[in-house]
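These are my notebook entries on one protein model.

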Amino acid sequence: MKYMGSKTSMLQAGLSGIISENLGLRPPRFVDLFAGSGAVARWVAENHDVPVDAVDTQLYGKLLSGVIIERHEKASASILNDWIVASRDLHSKRSSGLRPTDDRTLNSDAVYLEREEAEQIRFPGFVARQYGGHYYSINQGIALDCLLECLPSDGPERLVALAAVIETASSCAASPGHTAQPFQPTGNLLRHIGDAWRRDPFIFVSRKSDMFARRFALARGGKAFQQDALLHAQNNIEDGSVVFCDPPYSEVQYSRFYHVLEGIARGGWDRVYGAGRAPQGAERFSSRFSSRKDSTSAFTELFRLLAARSTTVLMTFPNHACSNGQSAESLIALAEGWFKVSSTAVDVIHSSLGASQVSGGNRVPRRGVEESVIVLKPLS
């Protein structure tokens, strides 16, 4: 379960230089308005002495950004080590009576049995019960539940530990790229389920927590928000800030792809349904930016709000026509009424956002595309 539209490759392809150039005039704040996994917000916080705000509609995105931008010193390695040791001990007790899953001879009957047994689990927690036999083996689910149950009570170590669990849950999920559907136990997909179920969450969480613990923001005053981008632009952006926007490019609502991570971030869903183990639709947000019908009005409103704050806007978007009805060219045309516009093209890798060759579809899971970094400067 990798992150949709990751900006890491764009930072390496030239986005970092464009950001640094625009931060050279010492704006009061850098705002990542569609933060996602927080790659850009975290990079700016670690490399520039400017307060960084990160905004996302999903709680997991807020947490993955806040773990860096809201911290100003290293987290305690000993506290984090004690957390992992306590989690391992609890997991050993709870998993002692489990029938081990032999991924070398994994078959569909074994997967379906795992799912049936997961629903009967009565240990505290929700990961094993809601996702066991689907995204995770029961053993992995119990491990994730134990890690969540034993989280440090407060302080920066709690932020680091929770972010590490979310990242671990992403790395261990038995799903193709990012998708609402876990692998189903048919044909060659059994091999991919076995590969995923073989991953040890404790190994991953140890690496992730160590990575986060060593990293922090250079400047104080940064904050992560769980909020709609338009609402934040209307009420919370400081005049003269540099605002980074990596908005949706798919008509499919992004909350469909990340409900597992969102569930782990928020402590589980009341109920999950079907093969995708998703909550009911009313519990998932929808964005006007993803709607073909509403995206033009949403972007127009965004440009108006950001122009009123005299912000410099750095926006990334594919050059081709996307399923939400927009392209870099169309967004440039909308922005020209509010800003002076320039753009630079870079080659990046995008997700196909759905079926892949691995999951049985006709699309490759990731493909190279040309994307523009659009720079919008105030008219006055």
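Which Phe residues form one aromatic cluster? I found Phe34, Phe289, Phe299, Phe303, Phe317 and Phe339 in it.

**Ground rules.** I am working with a predicted model, in which local features need pLDDT of at least 70 and side-chain atom pairs count only at pLDDT 80 or more, while totals for chains, interfaces and linings use all residues. Residues are numbered from 1 along each chain as its sequence is written, and side-chain values use heavy atoms, with hydrogens and water left out.

**Entry: confidence.** I checked pLDDT, the predictor's confidence in each residue, from 0 to 100. The mean for the protein chain is 89, and 89% of its residues reach 70 or more. I noted residues 1-5, where pLDDT is below 50; this stretch has 29 contacts in the model beyond near neighbours in sequence. Residues 352-365 also have pLDDT below 50, and I read 30 contacts there beyond near neighbours in sequence. Contact means heavy atoms within 4.5 Å.

**Entry: overall.** I count 14 helices and seven strands in the protein chain. Both are DSSP runs numbered from the N terminus: helices are H or I with at least four residues, strands are E with at least two. Buried residues make up 55% of the 380 residues. For burial I use relative accessible area: buried is under 20%, exposed over 50%, partly exposed in between, with a 1.4 Å probe and protein chains only. The chain exposes about 15900 Å², of which carbon and sulfur atoms supply 48%. That area comes from the Shrake-Rupley method with a 1.4 Å probe; for residues, only the protein chains shown count as cover. Taking contacts between residues at least 6 apart in sequence, I find that 74% join residues at least 24 apart.

**Entry: aromatic pairs.** I find eight aromatic pairs in the structure. Rings of Phe, Tyr and Trp (its six-membered ring) pair if their centres lie within 6.5 Å; planes under 30 degrees apart count as stacked, over 60 as edge-to-face and the rest as tilted. Tyr131 and Tyr135 make an edge-to-face pair, at 5.9 Å centre to centre and 85° between the planes. Both Tyr131 and Tyr135 are buried.

Why is the pair of Phe303 and Phe339 edge-to-face? Their ring planes stand at 80°, with the centres 6.4 Å apart, so I class the pair as edge-to-face. The pair links distant parts of the chain, since Phe303 lies in helix α13 (residues 295-308) and Phe339 in strand β6 (residues 339-351), 36 residues apart. I read a relative accessible area of 0% for Phe303, which is buried, and 3% for Phe339, also buried.

I also looked for charges over rings, which requires NZ of Lys or CZ of Arg within 6 Å of the ring centre and within 35 degrees of the ring normal. The charged end of Arg207 sits over the ring of Phe204, 5.8 Å from its centre.

**Entry: cysteines.** How many disulfides does the structure hold? I found zero, a disulfide being a pair of cysteine sulfur atoms within 2.5 Å. For Cys146 the closest cysteine sulfur is in Cys150, 6.3 Å away, which is too far for a bond. Cys146 is buried at 0% relative accessible area, and Cys172 is buried at 1%.

**Entry: Ala196.** I located Ala196 in helix α9 (residues 189-197). Its relative accessibility is 1%, so Ala196 counts as buried. Leaving aside neighbours within four places in sequence, Ala196 is in contact with Gln140, Cys172, Ala173 and Ala174.

**Entry: Ala35.** I place Ala35 in the loop between β1 (30-32) and α2 (39-47). Ala35 is buried at 9% relative accessible area. Not counting residues up to four places away in sequence, Ala35 touches Ala54, Val55, Asp56 and Ser65.

**Entry: positive phi.** Arg277 is not a glycine, yet I read a positive phi of about 55° for it. Arg277 sits in the loop between α12 (259-266) and α13 and is buried, at 10% relative accessible area. Ser310, not a glycine either, has a positive phi of about 55°. I find Ser310 in the loop between α13 and β5 (312-318), and at 41% relative accessibility Ser310 counts as partly exposed.
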